[in-house]
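Please open the model in your viewer and keep the selection panel handy. We will go from stop to stop together.

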Amino acid sequence: MNQLSTRVTALALLGALALTTTACGKKNGGDSAAGETAKSFSYTSTWGKDEPQAKIFQAALADFTAQTGIAVDVKWMGRNGTDSLATEMAAGRGPDLFDTATDNMGKFRAQNLLAPVDDVLKAKIPGEGGTVGDALSAAAEQASSDEKGLALIPHTVISTGVWFDASRHPELTTRPPRTWAEFVAYLDKAKKAGRTPLGQDGTVPFYNAYWFYSALVRAHGAGSLYALGTDPAAWDRPEVLAAARQVEKLAGGGYFQKAFTATKFPAAQDRFAGGGYDLNINGTWLTSEIKPKLPAGARIESFQYPAGGKDSVEAGTLGWGVNAKGRHPEAAKRFLAFFQQKKYTSRIGTEALNIPARSDVPAPANLIGLQKAITGATAVHKPYDGAPGLNAWWTDVFLPLDDRLIGGKISAEEFVAQGRQKSAAFIASNG
């Protein structure tokens, strides 16, 4: 998905965050014996230097160096040519600091490449008095943690919603669908009125997966999708078939645009921006991506997929990991605390148009509702329920099968039966 330019690519970060090294070939040697903070550290970023996030970080890095004397060797790599970070870090030649996301924590943990960062929570935020732990929202901290503790220091909270233009459909602001029946009723009404209810970039498998994933995990909570890749018997749970039947209904109901399975990103979301489709299921980065395509007066808002049950809300994060084999981890950690100042984190909302990880910094107007949904949720789960961390099962078993379901090529029952069979075979052959 090299076309994804403005988004953090929670999705580019999702399956392929591995960056090129910034070092010169010498193996990293850790901090000084005296424990003093080094006067420099290296940082490799998946952001292009002209992207909003990179500009925010550049400003903070410049101020950091001016105030601390710690130089930063930064490489703005973008999403192209950034595919060797894990290898370089494992060999001891990677950067001290790197971009990562919730979905990649398991991959880096498995290779022992994430240095502990829990101590950053206790660090004072310069000029504010409070600590990083005081400032971060509970959802952001939870999404950035695993069984071993805090894995990354977040700057952005990401989530998923069903998006609409409130200027065209104000009724969805005042009374969004709260149940599956109400959702289908809306789709039928839109179709009867001659509109296309759903726009879908159907050649993007992880976009297609939003529907089944949301139906299952929103209703049944964390672990319900992940289990399908670890226990073949999980496919026999009634909620799996129920979620598949919802996707089957969408596939057979004529709610998507014609030939949507051949639609290439970003055609569907761009047409949605222009009013061609009523709804688009997507991540919180959508509004920043489609902003240039929006007509005057458009107001893009979202509602949660109406799943019922636990009504679990997705909460993921984008942030920074500290290389466990880095040469200057303490210097990198000083920057992570430095960045949490409001004057920088507020720009995540005003310029990057995303939800800041700080609990006291508001999201852009169109994301405030989703920000409140996350902070007020009684149940939360990580993006895609962490299933992409199962690597080959996710890409080779689940996504192709899900594509066939949403494309109307198999029934819900066939999806379940094949999912159980293929998962059992995969698990058996991969230990």
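This is a predicted model: local features need pLDDT of at least 70, side-chain atom pairs count only at pLDDT 80 or more; totals for chains, interfaces and linings use all residues.

Residues are numbered from 1 along each chain as its sequence is written, and side-chain values use heavy atoms, with hydrogens and water left out.

**First stop: the core.** Select Trp211, Phe212, Leu225, Leu279, Trp393, Phe398 and Phe415, the residues with the most contacts inside the largest nonpolar core, which has 59 residues. Such a core is a set of buried Ala, Val, Leu, Ile, Met, Phe, Trp, Tyr and Cys residues joined through side-chain atoms within 4.5 Å; buried means under 20% relative accessible area (1.4 Å probe, protein chains only). Colour helix H9 (205-220), one of the elements giving two or more residues to this core; helices are DSSP runs of H or I, at least four residues, and strands are runs of E, at least two, numbered from the N terminus. H9 supplies the largest share, 10 residues.

**Next: Asp278.** Go to strand S9 to find aspartate 278. Aspartate 278 is buried, at 3% relative accessible area. Show the side chain of tyrosine 186 too: a polar contact of 2.7 Å joins it to that of aspartate 278 (a pair of N or O atoms within 3.5 Å; within protein, one must be able to donate a hydrogen and the other to accept it, and residues adjacent in sequence count only if both atoms are side-chain atoms).

Select the open sheet of 6 strands, ordered S2-S1-S3-S12-S6-S13 with mixed pairing; two strands pair if DSSP finds at least two bridges between them. Strands S2 (71-76) and S13 (355-356) are at the edges, each with a single partner strand, so one side of each lacks a neighbour in the sheet.

Notes
Buried means under 20% relative accessible area, exposed over 50%, partly exposed in between (1.4 Å probe, protein chains only).
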